[in-house]
Amino acid sequence: MRTCLVVDDSSVIRKVARRILEGLDFQIIEAEDGEKALEACKRNLPDAILLDWNMPIMDGYEFLGNLRRMPGGDAPKVVFCTTENDVAHIARALHAGANEYIMKPFDKDIVTAKFQEVGLI
Amino acid sequence: MTPLDYEFLRKILKERSGLDLSADKQYLVESRLIPLARRVGLSGIGELVLKLKAGTEPLTSEVVEAMTTNETFFFRDKIPFDHLKEAVLPALAQARASRRALRIWCAASSTGQEPYSIAMCVKEFAALAGWRVEIVASDLSQDVLVKSKAGIYSQFEVQRGLPIQLLVKHFKQVGEMWQLNADIRGMVQHRQLNLLQDFSHLGTFDVIFCRNVLIYFDQDTKVGIFERLSRMLEPDGVLALGAAESVVGLCDAFKPYPDRRGLYRPNATRAPRAGAAAMPLRAVAAATR
């Protein structure tokens with residue numbers, strides 16, 4: 001079973017994402033900020049990461065930079081999932097190594113389409 | 001909705017659009033027509049049918065549009081667009097190298113996601129840079145064509161099937177909506193068109209996308225449309241159908257494109273057939289009754 005790390009400081013969002021992704025046959029790991037997400041990645045690199053942007057301690061953008069510099073850190077497919085819904089943020093995310101980008105609010109159709117787009121489904 | 005009301009609606013939908021509703025689709029009719037009835041100040045389907053029987057043409061058109069507007073999204077099913085990029089456009093880029101022009105028809109184009117997906121594929125295909133590529137988008141519904149021409153989509157619509165790189169490259173943000181850039185919109189011409197009626201005036205095409213519309217027609221109507229579509233395609237042209245559609249077993253106007261599921265080519269080996277020209281609407285309706 002493929003693994004997906006869901007990184008969001010909102011437990012409600014993590015719960016919604018978990019329900020959707022478990023329905024797509026992913027095993028879910030959760031983290032509430034970028035630092036905890038990075039620790040999780042050092043233990044085991046997931047196949048996919050659903051990543052919020054604005055979080056305390058370490059935000060999603062900084063986490064992504066750190067992840068991509070890690071040995072093997074270019075492997076996980078990273079899909080941002082954020083309320084930062086403007087072109088400038090999307091362009092920054094892509095430049096930093098994001099594979100896809102979900103603008104909140106989201107639903108199962110959108111998550112499925114984006115995960116298909118990057119070859120995770 | 002009474003059985004008689006349902007039969008009346010089935011009949012006019014068949015005659016006007018070719019939509020072939022089976023006997024168990026009352027829920028579909030109710031879900032689409034009750035909101036329409038209320039919007040025009042009627043209590044429900046019963047009153048709507050009475051109005052239609054009295055012969056109000058604009059209302060009849062609205063009913064047909066409400067029943068024939070179907071879901072669409074960018075790069076729907078993905079595979080036909082992969083075929084377009086990997087096989088169809090490369091072959092046509094070679095075959096039309098001296099002409100440097102292509103014509104693509106997107107029949108039943110709805111709110112534009114399909115023709116604009118094709119336009120983005122063409123735009124991204126470097127070998128066609130500088131070519132004259134004409135994409136014709138047609139639909140029965142004037143409402144969806146208005147939306148398609150504007151090329152403005154909600155955040156939800158641009159996130160279903162559209163890769164984020166293409167969103168950034170080919171759209172601009174307008175408040176909470178996203179509008180396709182003028183160069184992509186300019187590649188698509190819009191036409192209101194009923195597939196049951198003559199469409200030979202559109203001329204011939206190199207590619208025809210006719211996806212997820214013929215599934216609503218009965219067999220005789222499908223065969224008639226396939227015959228006429230085959231006359232609209234260049235001999236080396238390509239027809240793309242929806243994932244649940246096929247010409248196999250229906251008629252020999254097309255043959256499957258090798259190793260590309262959902263694509264078909266005109267069948268050059270079959271004998272020319274008389275009487276396959278456009279059928280007048282009434283003749284098609286009569287033939288399918």
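The structure is a predicted model, in which local features were required to have pLDDT of at least 70 and side-chain atom pairs were counted only at pLDDT 80 or more, whereas totals for chains, interfaces and linings use all residues. Residues are numbered from 1 along each chain as its sequence is written, and chains are lettered from A, with ligands numbered from 1, in the order in which they are written.

Chain B contains 11 helices and 10 strands, where helices (H or I, at least four residues) and strands (E, at least two) are DSSP runs numbered from the N terminus. Its radius of gyration is 20 Å, close to the 19 Å that the globule rule gives for 289 residues, so chain B is as compact as a globular protein of that length; the radius is taken over C-alpha atoms, and the rule is 2.2 Å times the number of residues to the power 0.38. Along the principal axes, the C-alpha atoms of chain B fill a box of roughly 60 × 55 × 30 Å. Of the 289 residues in chain B, 40% are buried, a residue being classed as buried if 20 or more other C-beta atoms, placed from the backbone, lie within 10 Å of its own, as exposed if 12 or fewer do, and as partly exposed in between. Among the contacts in chain B with a separation of 6 or more, 72% join residues 24 or more positions apart, a contact requiring C-beta atoms, placed from the backbone, to lie within 7 Å.

The domain assignment divides chain B into domain 1 (3-67) and domain 2 (79-278), with bounds that come from an automatic or database domain assignment. The centres of these two domains of chain B, taken over C-alpha atoms, are separated by 29 Å. Six residues of domain 1 are in contact with 10 residues of domain 2 in chain B, and the side of domain 1 that touches domain 2 divides into two nonpolar, two polar and two charged residues. In this classification, Ala, Val, Leu, Ile, Met, Phe, Trp, Tyr, Cys and Pro count as nonpolar, Asp, Glu, Lys and Arg as charged, and the others, Gly among them, as polar.

The largest nonpolar core has 99 residues, and those with the most contacts inside it include Leu50(A), Phe80(A), Ile135(B) and Leu239(B); such a core is a set of buried Ala, Val, Leu, Ile, Met, Phe, Trp, Tyr and Cys residues joined through C-beta atoms within 7 Å. Helix H6 (residues 113-124) of chain B gives the most to this core, with six residues. Apart from its neighbours within four places in sequence, Ile135(B) is in contact with residues including Ile104(B), Pro115(B), Ile118(B) and Val188(B). A second, separate core of 11 residues includes Leu48(B), Val49(B), Val63(B) and Met67(B).

Between the chains, nine residues of chain B are in contact with 14 residues of chain A. Helix H8 (residues 164-170) of chain B gives the most to the side of chain B that touches chain A, with three residues, and by class this side has three nonpolar, five polar and one charged residues. On the chain A side, Ile110(A) is found in helix H5 (residues 108-117) and counts as buried, with 21 C-beta neighbours inside 10 Å. Not counting residues up to four places away in sequence, Ile110(A) touches Ile102(A), Gln159(B) and Arg160(B).

In helix H2 (residues 34-43) of chain A, the buried residues are Gly34(A), Ala37(A) and Cys41(A). Seen down the axis of H2(A), these residues fall within an arc of 60°, so they line one face of the helix, the arc being that of the directions from the helix axis to the C-beta atoms. They pack against strand S1 (2-7), strand S2 (26-31) and helix H3 (60-69) of chain A, whereas Glu39(A), Lys42(A) and Arg43(A) are exposed on the other side of H2(A).

Backbone geometry was also examined in the loops. The peptide bond from Lys104(A) to Pro105(A) is cis, with omega near 5°, and Pro105(A) is found in the loop between strand S5 (100-103) and H5 of chain A. Arg100(B), although not a glycine, has a positive phi of about 50°; Arg100(B) counts as exposed, with 12 C-beta neighbours inside 10 Å. Ser110(B), in the loop between S1 and H6 of chain B, likewise has a positive phi, near 50°, but Ser110(B) is buried, with 25 other C-beta atoms within 10 Å.

How values were computed. Contact = placed C-beta atoms within 7 Å.
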